[in-house]
Every structure is written in structure tokens, then in C-alpha cells.
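I opened the notebook to record what I looked up in this model. The entries go from the whole chain to single residues.

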Amino acid sequence: MVHRMSERPVWKSGVTLAVIAAVCTAMVALTWQLTADRIEKNKTEWLERSLQPALAGLFFDSGVTESMLVIPQPHELPGKDAAIVYRVYAADKPVAALFVVTARDGYAGPIRLLIGIEMDGTVTGVRVLEHRETPGLGDRIETGKSDWVLQFDGRSLLAPEPARWAIKGDGGDFDQLTGASVTPRAIIKAIRQTLLYFEGNVEAIFAAESSEEETD
């Protein structure tokens, strides 16, 4: 008799714990349902703000992230991974494309770039998204530390011609960073390569169907 009485509280405790676990699970699921849309909206708004600086001075009425294209390997854009293109429109007409590509030969490793190109092949802006370049030297590719990347605004394969897409020290038209030449070379090469790709594939880029993001 004593043995059976001692088991009842254990059984009741198990049921109580199961009920508590079920309630907690339901609350977590409900919280996720209530906040998922807001979290996704915040992510989209953050991405929109991050991309827009590379479209400075350009009129568009579409969301920057509304029409995205993933270009898998093999391709002729910079980097070994899939490239991402955000296509931008005004009154349903294409006005520019934003390329997320990787300059592979930075001094300290790959440099993730955002390159905006208008339909006529003019660079609308360049921003560095990710890098590991040397603090005080190569890291001045960031707009918060220098205006070096702004020199590409308004440039194209006609201004200058492709052969002069290089730092001045190599006979090109672009400034380098004091004490750092490998980093600028990598970025200039990547921009030139992206411009060449855009020139040869602009119709296909805007004719392709949108795709889901597959890369980080």
C-alpha cells in the first residue's frame, strides 16, 4: 500500500510537466507566427537601405529587392560563387542592375562588392559589403573611412576605355590608396569585369525570371 501511494505523485508530476511543455511549445509557436512577418519585413527594409547608396541620383519606383536574379556558376562575373543581381525599374522599365560579386584577389582575402550599373553602362555606385583588408590601409575602401570608391561613380567602359581601368601606377586612370595597391587593383578589376558582363548580357539579365536567394 505504501508503495502504490508513493507512485501517484510521480505520475501526477509527469502529467503536469507534459502540460507545461505543451503550453510552452504552443506559446513559442504563437509568438513566432505573430513576429515572423515583422522580422521578415525588417530584414527587407534593412536590405533595401543597404542597397540604395549604390543607386545615388537614380530615379526608380520599384523596391530594390523586388526583382532578384541568382546567376549560378559558371559565369564570367567576379568570384567563384553564384552572383546576385537586383534589377531596378521605373514605370516598369528597367533602369539599373545591382550586382553582388566577389573580388577574389584582395590583399587579405576576398572582397564582397555591390556594384550598381545604369542601363547605358554607367556605374551608379560601388560599395564594399565585406572584407578583411588591413586596418588603416586597405580598409579605406569603406565609405566611412575614405571617399576612394566614389571615384567610380559615373564611369563606364567608355570613360575610361577598358585598357585604362587600372590604378595610375599601372598606367590607368584611377587613384590608389596610399600604402596599398593590391586592394585597389582587385576592386578595379572586379568592377571592370562586371561592366563587361553587363554589356554583353544586359538583355538576358532583365529577361530572366526572378529567383530566390541561394547565397549569403
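My entries on fold, cores, salt bridges and one glutamine follow.

**Ground rules**

I am working with a predicted model, where local features need pLDDT of at least 70, side-chain atom pairs count only at pLDDT 80 or more, and totals for chains, interfaces and linings use all residues. Residues are numbered from 1 along each chain as its sequence is written, and side-chain values use heavy atoms, with hydrogens and water left out.

**Entry 1: the chain**

I looked up the elements. The protein chain has two helices and five strands. Both kinds are DSSP runs numbered from the N terminus: helices are H or I with at least four residues, strands are E with at least two. From the N terminus, the order is α-β-β-β-β-β-α.

Next came burial. Of the 216 residues, 41% count as buried. Buried means under 20% relative accessible area, exposed means over 50%, and partly exposed is in between, with a 1.4 Å probe and protein chains only.

I then checked contacts (heavy atoms within 4.5 Å). Among those with a separation of 6 or more, residues 24 or more positions apart account for 49%.

**Entry 2: the cores**

Which residues touch the most other members of the largest nonpolar core? I found Phe-99, Leu-113, Phe-152 and Ile-191, in a core of 37 residues. Such a core is a set of buried Ala, Val, Leu, Ile, Met, Phe, Trp, Tyr and Cys residues joined through side-chain atoms within 4.5 Å. The elements giving two or more residues to this core are β1 (68-71), β2 (83-90), β3 (93-103), β4 (111-118), β5 (123-130) and α2 (182-207). Helix α2 gives the most, with 10 residues.

I followed Phe-152 further. Leaving aside neighbours within four places in sequence, Phe-152 is in contact with Val-123, Val-126, Trp-165, Phe-174, Ile-188 and Ile-191. Another core lies apart from the largest one; it has 18 residues, including Phe-60, Met-68, Val-88 and Val-100.

**Entry 3: salt bridges**

I counted six salt bridges. The criterion is a side-chain nitrogen of Lys or Arg within 4 Å of a carboxyl oxygen of Asp or Glu.

Lys-189 pairs with Asp-105, with the closest N and O atoms 3.5 Å apart. Lys-189 lies in helix α2 and Asp-105 in the loop between β3 and β4, so this pair ties together parts 84 residues apart in sequence. Lys-189 is partly exposed at 49% relative accessible area, and Asp-105 is partly exposed at 37%.

Asp-139, Glu-142 and Lys-145 form a network of salt bridges. Between Lys-145 and Asp-139 the closest N and O atoms are 2.7 Å apart. Between Glu-142 and Lys-145 they are 4.0 Å apart. Is Asp-139 buried or exposed? I read 5% relative accessibility, which is buried. Lys-145 is partly exposed at 47%, and Glu-142 is partly exposed at 28%.

**Entry 4: Gln-151**

Where is Gln-151? I placed Gln-151 in the loop between β5 and α2. Gln-151 is buried, with a relative accessible area of 18%. A polar atom of the Gln-151 side chain lies 3.2 Å from the backbone oxygen of Trp-148. Leaving aside neighbours within four places in sequence, Gln-151 is in contact with Phe-174 and Asp-175.

How values were computed. Polar contact = N/O pair within 3.5 Å; in protein donor to acceptor, adjacent residues only side chain to side chain.
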